Amino acid sequence: MEIGNIITMVASIVIFINLLLALGVLFFEKRDVGYTWAWLLVLFFLPIVGFLIYIFLGRSLKQNNFYGLTAEEQKLLKEEVDTQLKLIEEEKREDVPWLKQYNDIITMNLRSSHGRLSEDNEISIFNDGHKKFDALLSDIKAAKQEINVQYYIIQPDHLGKRLRDALITKAKEGVKVRILYDEVGSKKLPFRFFDDLKQAGGEVRVFFPSFLKLINFRINNRNHRKMVIIDGGFSYIGGFNVGDEYLGEDKKFGYWRDTHLKIYGNAVNDIQVRFIMDWHQAGKDKKHDDYKDFCFHLEKHHGKSPVQVVSSGPNSETEHLKNMYIKMILSAKESVCIQTPYFIPDTSFMDACKMALLSGVDIRIIIPCKPDHPFVYWATWAYVGDLLEYGAKILLYENGFLHAKTIVVDQKIASVGTMNIDSRSFRLNFEVNAITYDEAVSTELYNIFEEDCKLSAELTLERYHKRSLWIKLKENTSRLLSPIL
């Protein structure tokens, strides 16, 4: 066979495979139109290379019972959701203003993400890494029964070793210790980093592990959650990962500004269930984990904060957390305060912001003044620039790096968690947020936002219009890539 014929045959095979993949993306996967077109362009204009990129980054997850719940567990979950929906409808009373005003958000979270409402919680807020990890390590030291730790990033540095060594000590004391981390986020961890913990009786699992630490077919689906549950009685949830940079010890970023919550009360049970499901999914043999082996808070707490724990991930058809944010924004009467390291929303989120602004709602968004991912940073500028035209106030945080993921609406409701405002968090990552309907907690978060405003410079419309041609080029290029960033 002549060389020319061989080349023609190979080219035909490649084109055929690309065509099949394109048809699969187009007809068999329910995806956002912008996301679909982005992958079609990759497949058509990068033959072979585009195929490999799609294998590692583009495939969707199976959506049927991703966490392997038994039929009995699925039945109990449905019954519990139905029961609480009925209770919420019956208790929509005039003497409980927050329940009446935000009934639609509560109901949506319950139906879409099974986010139960608990009203007996007590919340503490951390916005400094040293204070958060000092409190966490102190609580670990005092643990009596169980410590469940889940982080997207665990660095093998001073803080990472402090956490590991504290857990080794507790495991030797007989406390049940479990660690779950994301393979991609914690890629710097040495293979034997947790060996001593395992020898002491601790358990370690990796979410979507790589093959020989080299090949990961789920590199684009990251478990971005950060949760710690201790003795089933209280939990930590928010934006801090584990590493010296989160203590402000990285010269590149300087002070690290983040937000984390410590929660007492029955919302801890929902965070515990979230951990158990991720823990089970990461089990090598997928042997069913008995919920009886985990600690749960069984008594009513004395707290007064209503909380729902809402999670989302690429295994679900609905973008639960994005929809919650949109619902919160559209409920606003006076103000919306957002803090996020990345602001690359989709059309639905942008439309919600524009409708709120046109309705007279004051929207302020604080983003970092320095990038940790250049393409993401310039795409953020492109989107906030659009909102400037509608009257939004954009502030650039100058006191280090802003990593907080918070939203406060009318100083009445607020959400803190792991979700960034971008397509990755909306549809590709596994995320979790706590939304509270406590006016006191929301006001405290609002006051923290106000203090951050004092450490930020305003990006005015005049300043935005004066940006250079080079910056405009970077913005437009990044915005074009935003569906797959």
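This is a predicted model: local features need pLDDT of at least 70, side-chain atom pairs count only at pLDDT 80 or more; totals for chains, interfaces and linings use all residues.
1. Overall make-up. The protein contains 17 helices and 18 strands. Of its 485 residues, 58% are buried. The accessible surface is about 22200 Å², and carbon and sulfur atoms account for 57% of that area.

2. Contact range. Taking contacts between residues at least 6 apart in sequence, 80% link residues at least 24 apart.

3. Nonpolar cores. The largest nonpolar core has 52 residues, and the members touching the most others are Ile329, Val336, Phe343, Phe349 and Tyr437.

4. Ile329. With neighbours within four places in sequence left aside, Ile329 contacts Val336, Ile338, Phe349, Ala352, Cys353, Ala356 and Ile407. Val336 and Phe349 are also listed with Ile329 among the core members that touch the most others.

5. H11 against H12. Helix H12 (residues 347–358) packs on H11 at about 10°, with the two axes 9 Å apart. Angles under 35 degrees count as roughly parallel, so H11 is roughly parallel to H12. On the H11 side the contact involves Lys322, Tyr325, Ile326, Ile329 and Leu330; on the H12 side it involves Ser348, Phe349, Ala352, Cys353, Met355 and Ala356. By residue class, this contact comprises nine nonpolar, one polar and one charged.

6. H6 against H11. The axes of helix H6 (residues 103–113) and helix H11 (residues 320–331) come within 10 Å, crossing at roughly 170°. Because angles over 145 degrees count as roughly antiparallel, H6 is roughly antiparallel to H11. From H6, the residues in contact are Asp104, Ile105, Met108, Asn109, Ser112 and Ser113, and they meet His320, Asn323, Met324, Lys327, Met328 and Ser331 of H11. The residues of this contact are four nonpolar, six polar and two charged.

7. Leu261. This residue lies in strand E7 (residues 256–264). Its relative accessible area is 3%, and buried means under 20%, so Leu261 is buried. Not counting residues up to four places away in sequence, Leu261 touches Ile123, Ser124, Ile125, Ser235, Tyr236, Ile237, Val416 and Ala434. Between Leu261 and Met227 the C-alpha to C-alpha distance is 9.7 Å, with a sequence separation of 34 residues.

Key:
Residues are numbered from 1 along each chain as its sequence is written. Side-chain values use heavy atoms; hydrogens and water are left out. A nonpolar core is a set of buried Ala, Val, Leu, Ile, Met, Phe, Trp, Tyr and Cys residues joined through side-chain atoms within 4.5 Å. Buried means under 20% relative accessible area, exposed over 50%, partly exposed in between (1.4 Å probe, protein chains only). Contact means heavy atoms within 4.5 Å. Helices (H or I, at least four residues) and strands (E, at least two) are DSSP runs, numbered from the N terminus. Accessible areas come from the Shrake-Rupley method with a 1.4 Å probe; for residues, only the protein chains shown count as cover. Axes are lines fitted to C-alpha atoms, for helices over the stretch in contact, and angles run from 0 to 180 degrees between N-to-C directions. Angles under 35 degrees count as roughly parallel, over 145 as roughly antiparallel, 65 to 115 as roughly perpendicular and the rest as oblique. Ala, Val, Leu, Ile, Met, Phe, Trp, Tyr, Cys and Pro count as nonpolar, Asp, Glu, Lys and Arg as charged, and the others, Gly among them, as polar.
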